[in-house]
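I opened this notebook to record what I looked up in one protein model. The entries follow the order in which I worked.

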Amino acid sequence: MLAYAMSSSTRLGRISTILRMETTEKNPRKDYFQYAHNDSCKFSRWTSKECYQYMSARPWQKVNDFYAEMVQGRVSLSDLFRKELLQTCAVHDDTEIIEDIHENDIDSAPAKDRTGRWARVTFKVLLSYHGGSFQGWQKQPGLNTVQGIIERSLGKFVDEKKTQLLNEKNLPIEGCVVVAGRTDKGVTAFQQVCSFYTWRKDVKPQDIKSTINDAAPGKINAISVTEVSREFHPNFSAKWRRYLYVFPFNDGKEAELSSQVEKDLNEHDYAFTLDNGLHDDKDQIEAGNKPTRFEVSKVNQLLSQLEGKLLSYKMFARDTKASRNVGPPTECFVFHARATEAILPCTQAGSETKIMCIELVANRFLRKMVRVLVATAVREAAAGAEEDALLKLMDATCRRATAPPSPPDGLCLVDVGYTDFDKKICFIS
């Protein structure tokens with residue numbers, strides 16, 4: 001009887017194995033290392049791994065050093081373009097904000113007659129911070145974040161009622177700040193905007209500025225602190241955001257793949273560049289021979305096609321659902337999208353470096369959208385894609401059609417606008 005049971009078990013195991021093999025043959029496992037593009041340059045387009053290696057094999061430390069000195073006030077963004085452009089940067093003072101925001105009868109009432117939330121005082125804080133020194137903006141337990149440091153430093157300005165409430169709950173005495181846009185780990189900010197409110201009437205803007213600057217000297221800099229309308233909201237009141245991405249080249253050359261990819265190319269004894277055009281032998285390209293150079297002017301052409309259009313950038317987002325039934329939509333309106341060559345000024349630890357600067361201005365940005373746009377534009381430029389390649393990717397059905405995000409080291413939130421966008425403020429024309 002036992003032998004029969006074992007025999008039956010063996011037969012069932014064999015049948016199960018056969019069924020699995022048949023299922024595998026009918027439905028082979030799909031390899032999603034790269035999206036199946038169908039255009040003429042699909043064989044010369046980098047895979048996701050190659051794109052990641054290419055973007056990572058840059059002298060990012062030089063960009064980090066530049067951003068660190070920028071936060072400390074030793075250099076400025078205008079130094080990248082050898083122009084005095086900071087005079088045209090959108091530095092909004094409190095009068096511009098108050099004029100733009102509708103003030104109702106309650107807000108215009110004398111301070112002594114206000115009650116409830118209208119009795120509080122709201123401050124707008126213009127911040128500059130070095131992304132490489134923090135684990136992003138958003139406060140998280142056990143991590144060194146910008147929001148965490150700012151809120152701890154503002155705890156001394158919290159009113160007595162809130163202080164008592166926090167003490168009863170055994171919570172730390174911290175302020176509460178609202179930001180125009182949360183930045184990821186490694187992303188620098190030049191003029192980030194946040195707000196803080198309190199019911200205390202003795203708090204002065206200069207006191208807040210000094211407290212923030214003492215919280216993390218050299219890493220966080222409060223550029224200005226002003227009292228603004230109580231209806232002001234850094235995020236919802238904003239009309240546009242501007243980002244700058246600095247892409248450094250290796251030793252002044254336009255592009256080189258990482259050492260591993262370069263080794264693979266040398267094994268085939270084939271140097272494939274855009275200067276030589278697309279190769280006719282697809283077998284050679286499929287064997288691993290991919291372009292190793294791109295033109296900055298080509299990246300500029302690809303990005304400029306996005307200007308003045310309201311499009312869904314869900315294919316260029318990460319860490320969000322591709323199809324949203326609830327929550328904010330994925331449509332963004334891009335006011336300005338350009339790329340140009342520039343020079344990264346020499347820092348204390350190095351010399352000048354040739355870079356590509358990408359400037360993007362839109363009414364809003366999705367998560368990691370700028371970094372995916374940069375990486376995809378570089379990939380498409382190297383592959384020799386058509387000028388509307390980025391527009392065509394909007395209709396893709398899988399996010400693998402776009403490149404993985406470029407490193408956060410090169411990204412900087414330049415400023416946030418609360419008036420209508422004016423192209424005169426742009427670095428790149």
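**Entry 1: confidence**

I noted at the start that this is a predicted model. I looked up the mean pLDDT of the protein chain and found 79. I also recorded that 72% of its residues reach 70 or more. Among the elements, helix α4 (residues 94–100) has the lowest confidence, at a mean of 37, and strand β5 (residues 240–248) has the highest, at 97.

I then looked for stretches where pLDDT stays under 50. One of them covers residues 1–6, for which the model has 1 contact beyond four places in sequence. Another covers residues 252–287, for which the model has 65 such contacts.

**Entry 2: the whole chain**

I listed 12 helices and 9 strands in the protein chain. Of its 429 residues, 48% are buried. The chain exposes about 21,700 Å², and carbon and sulfur atoms supply 50% of that area. I also checked contacts between residues at least 6 apart in sequence: 77% of them join residues at least 24 apart.

**Entry 3: helix α11**

I selected helix α11, which spans residues 369–383 and has 15 residues. From its first C-alpha to its last, α11 reaches 21 Å, close to the 21 Å expected at 1.5 Å a residue. How many of the residues of α11 are buried? I found 15 of the 15, so the helix is largely enclosed by the rest of the structure. Next after α11 comes G384, with a positive phi near 75°.

**Entry 4: α2 against α11**

I reminded myself that two packed helices are described by the angle between their axes and the distance between the axes. For helix α2 (residues 48–56) and α11, I recorded an angle of about 105° and axes 11 Å apart. Angles of 65 to 115 degrees count as roughly perpendicular, and α2 and α11 are therefore roughly perpendicular to each other. On the α2 side, C51, Y54 and M55 take part; they meet V374, A375, V378 and R379 in α11.

**Entry 5: residue I173**

I located I173 in the loop between α6 (160–168) and β2 (177–179). Its relative accessible area is 30%, and I173 is partly exposed. Which residues does I173 touch, not counting those up to four places away in sequence? I wrote down R152, G155, V158, T163, L166 and N167. I also noted that I173 and K162 are 11 residues apart in sequence and 8.5 Å apart in space, C-alpha to C-alpha.

Definitions and conventions. Residues are numbered from 1 along each chain as its sequence is written. This is a predicted model: local features need pLDDT of at least 70, side-chain atom pairs count only at pLDDT 80 or more; totals for chains, interfaces and linings use all residues. Side-chain values use heavy atoms; hydrogens and water are left out. pLDDT is the predictor's confidence in each residue, from 0 to 100. Helices (H or I, at least four residues) and strands (E, at least two) are DSSP runs, numbered from the N terminus. Contact means heavy atoms within 4.5 Å. Buried means under 20% relative accessible area, exposed over 50%, partly exposed in between (1.4 Å probe, protein chains only). Accessible areas come from the Shrake-Rupley method with a 1.4 Å probe; for residues, only the protein chains shown count as cover. The expected span of a helix is 1.5 Å times one less than its number of residues. Axes are lines fitted to C-alpha atoms, for helices over the stretch in contact, and angles run from 0 to 180 degrees between N-to-C directions. Angles under 35 degrees count as roughly parallel, over 145 as roughly antiparallel, 65 to 115 as roughly perpendicular and the rest as oblique.
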